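Me: Please take me through this structure by question and answer, with the cut-offs spelled out as the terms come up.

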Amino acid sequence: MRASQSFLPLLKETPAEAELVSHQLLLRGGFIRRLASGLYTWLPLGLRVLRRVEQVVREEMDRSGAQEILMTVVQPAELWQESGRWDLYGPELLRLKDRHQRDFCLGPTHEEVISDLARREIRSYRQLPVNLYQIQTKFRDEIRPRFGLMRAREFIMKDAYSFHMDQASLEEGYRAMYEAYGRVFQRLGLDYRAVEADSGAIGGKRSHEFHVLADSGEDTIAFCRHCDYAANVELAESAQKEAASGSPAADAPTPVLVDTPGIRTVAAQAEHLGIEPSRIVKTILVLADERPLLLLLRGDDELNLVKTQRHLGCTHLRLATTEEAEEHTGAPVGFIGPRDLPPDLPVLADLRLRAVQDFSSGANRRDMHWLHLHWGRDLPWPERWADLRAVQAGDPCPRCASGHLEICRGIEVGHVFQLGTRYSEKLGVRVLDEGGREQTVLMGCYGIGVSRIVAATVEQSHDERGIVWPEALAPFQVGIVAINARKSPAVLAAAVELHDRLEAAGISTLLDDRDERPGVQFATLDLIGLPHRVVVSEKLLAQGMLEYRARRDTDHQLLAPEELWQRLQGAS
């Protein structure tokens, strides 16, 4: 393709609304344009990248045995009412009415639609297992669309849904999708991690997220370099190596009530009492399905609400308000503690507290804290224990003996779920088993954010000059700069000949034959991030040479045409 004949609207200045690097560079490089809040038009360069992602995803889905279909964006309300999500999904579900005043929505996901298809068309166990996927537009009415493609309202997604007769079959299908996703991200040249994750609003008992590692990621993940353990910090665990403390020594100091006026935080309490935060028992009141529960943690630990909610098995978990905390404990926030609590208030303690003795806590009265408390002497050991804390960098790995956890940021680009019967039960997806009895099928659900991968790649792969596309994602593999092509027929002819030869070999090539200064041409190719750059000029032709530079390099090389050809033959 010749740049002089292409629609390539570059921007010299970064738009004010673009915060993330990916948003800035995709706008400046002429890949996308904003239409309205969270809505973007894909321009020719951007669409070429998007189609490359789709191609790899489609090839790996087909290789895994999944079959492609295409479902509608507009979905009838009745299906969402059957699943119970019409009201539960919230304002992100864009609802609308047709001319007959019937309720519909724009699909943010397709569990209901695929379940309706399955219950109509799948009748027998002989038709299972089956995995159906689509690559299609989704719409989620984000309250605050931001970061360009990273959190847009309209986006492209690959979603697949599998149906199974039993758990063993579901496990096999889940593993096939997990491995297919790994192949997708490897082929795209991304540095990623697959992590154990919470299923969130989609539901299900088991799920994994796939994260592209980038400092700008909205998610935090914990992983071990010594084994394959990785998890979203919402679920991440660490090895619990602290042994439970025994009885206090005979000469252990007795409890002391200390005046602590206005001391409400762990940091202020530790400084005032002259102790380490690890010797403070932090006491937090939460409402689990609106029932009060007191949580106990070490002062240097933070509560992980997602892990706690999963342990409790409750539908909703939230921190109590200041008023609720005082109503249920009789003490203001900052002065609540595990001693002398109301007898009907249940307590759940974090496992790390088993090794803590001689500690401080709130005294359940305003402006007072205890010092030198001991479990088993001054107050009973908690009856219920669980892993409630958020992991920290350096924690021992829960899976291997020698590793320690590292914490990094990630951008979620894929998620696989074992849904079980959450949707098939409610929507009546049943088949006849070998004995002729009706049985509810099990389901799996598997999503990849196709358009989000484009933005995530830029976040992970860029420099001060612009985007650095991996080979598999670049809109063109080679960019040819024809210097003064309008004034030099020889340069233009040599550049066109090289362009045509590369294209004939299946190597996509952009020929910059515009009437621009060389510096502008070089900056353009750096900005749009093509993996290989070739320069053709009268001076180089006189030497029988061409100039080559890989996008990731800083220095260029002079190569004879055949040497260059050998260098580029691997690009495709």
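This is a predicted model: local features need pLDDT of at least 70, side-chain atom pairs count only at pLDDT 80 or more; totals for chains, interfaces and linings use all residues.

Reply: Residues are numbered from 1 along each chain as its sequence is written, and side-chain values use heavy atoms, with hydrogens and water left out.

Me: Which residue's backbone oxygen lies 3.1 Å from a polar atom of the side chain of Arg551?

Reply: Arg551 sits in the loop between strand 30 (546–550) and strand 31 (557–559), where strands (E, at least two residues) and helices (H or I, at least four) are DSSP runs numbered from the N terminus. Its contacts (heavy atoms within 4.5 Å), leaving aside neighbours within four places in sequence, include Leu525, Gly529 and Pro531. The backbone oxygen at 3.1 Å from a polar atom of its side chain belongs to Asp526.

Me: Does Arg551 count as buried or exposed?

Reply: The classes rest on relative accessible area, with buried under 20%, exposed over 50% and partly exposed in between (1.4 Å probe, protein chains only). Because its relative accessibility is 3%, Arg551 counts as buried.

Me: How many of the 11 residues of helix 5 are buried?

Reply: Helix 5 covers residues 111–121 and is mostly covered.

Me: How are helix 2 and helix 6 oriented to each other?

Reply: The axes, lines fitted to C-alpha atoms over the stretch in contact, with angles from 0 to 180 degrees between N-to-C directions, come within 9 Å for helix 2 (residues 44–64) and helix 6 (residues 167–187) and cross at roughly 150°. Angles under 35 degrees count as roughly parallel, over 145 as roughly antiparallel, 65 to 115 as roughly perpendicular and the rest as oblique. Helix 2 and helix 6 are therefore roughly antiparallel.

Me: What percentage of the residues of the protein chain count as buried?

Reply: The protein chain holds 15 helices and 31 strands, and its C-alpha trace spans about 95 × 65 × 50 Å along its principal axes. Of its 572 residues, the share that count as buried is 54%.

Key: A polar contact is a pair of N or O atoms within 3.5 Å; within protein, one must be able to donate a hydrogen and the other to accept it, and residues adjacent in sequence count only if both atoms are side-chain atoms.
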